[in-house]
Amino acid sequence: MNPLRTFLSALVILLSFSVVLSQDGSCACCSDDHKAFDFWVGSWEVTGPSGSKVGENRIEKIEDGCVLKESWTSANGVTTGTSINFYNSKLKQWEQLWVDNSGSVLKLRGRRVENQMILSSQPFVHSDGGSYVNRITWTHNKDGTVRQLWELVQDQKVAKTLFDGLYKKME
């Protein structure tokens, strides 16, 4: 038997064992908090309050399940956007960064409360001079659909609804 071949075989076996032994089997993003927004994962057709299609959205888990990536296309194909969503374990809350093809940027933070993920922006001064907050609520409905409600809030009261969409899984 070739001593070099025996040595290399033994080395490969030892390295394999060291890799297995060095892994503690934990998953960096497998906590319930990290999975709190998983109800939004999938390919969706989105309709407005009238029932007409307003767009399609694909939400996928990336980065070993640590990030939800959203890819939005409006029904007319004009507006597209992407968001990155993740649970920040240091802050103990979810964060979203949204950017679309018009250059709009939205940064949100929040947490899940029962069957809803509620994320809000920092206060900002609107063109009318008032101080507002963007609040988006995703509600996981019993029938598997998801409602996304984007509200402009002033003094903890809804000043305007900016988007109200119902997500239905695409087959």
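Cys29 counts as buried, with a relative accessibility of 10%; buried here means under 20% relative accessible area, exposed means over 50%, and partly exposed lies in between, using a 1.4 Å probe and protein chains only. Please keep in mind that this is a predicted model, in which local features need pLDDT of at least 70 and side-chain atom pairs count only at pLDDT 80 or more, while totals for chains, interfaces and linings use all residues. Residues are numbered from 1 along each chain as its sequence is written, and side-chain values use heavy atoms, with hydrogens and water left out.

A disulfide is taken to be a pair of cysteine sulfur atoms within 2.5 Å. The torsion about this S-S bond is 95 degrees, and the link of Cys29 and Cys66 is right-handed. Cys29 sits in the loop between α1 and β1, whereas Cys66 sits in the loop between β2 (53-62) and β3, so the bond ties together parts that are 37 residues apart in sequence. Helices (H or I, at least four residues) and strands (E, at least two) are DSSP runs, numbered from the N terminus.

If you count the bonded cysteines along the chain, the disulfides follow the pattern 1-3, 2-4.

Now let us turn to the strands. Strand β3 (residues 67-74) and strand β4 (residues 80-88) pair in the antiparallel sense over six bridges; two strands pair if DSSP finds at least two bridges between them. Thr73 stands opposite Thr80 in β4. Five residues lie between the strands of this β3 and β4 hairpin, and Gly77 takes a positive phi near 75 degrees. Strand β4 also runs antiparallel to β5, joined to it by eight bridges, and here Phe86 stands opposite Glu95 in β5. The hairpin of β4 and β5 has four residues between its strands, and Lys92 in the turn has a positive phi of about 55 degrees.

The structure holds ten aromatic pairs, where rings of Phe, Tyr and Trp (its six-membered ring) pair if their centres lie within 6.5 Å; planes under 30 degrees apart count as stacked, over 60 as edge-to-face and the rest as tilted. In one of them, the ring centres of Phe37 and Trp94 are 5.5 Å apart and the planes stand at 85 degrees, so the pair is edge-to-face. Phe37 belongs to the loop between α1 (3-22) and β1 (42-47) and Trp94 to strand β5 (residues 93-100), so this pair links distant parts of the chain, 57 residues apart. Phe37 and Trp94 are buried. Ring pairs link Phe37, Phe39, Trp40, Trp44, Tyr87, Trp94, Trp138 and Tyr167 into a cluster.

Phe124 and Tyr132 form a tilted aromatic pair, 6.4 Å centre to centre with 35 degrees between the planes. Phe124 is partly exposed at 27% relative accessibility, whereas Tyr132 is buried, with a relative accessible area of 8%.
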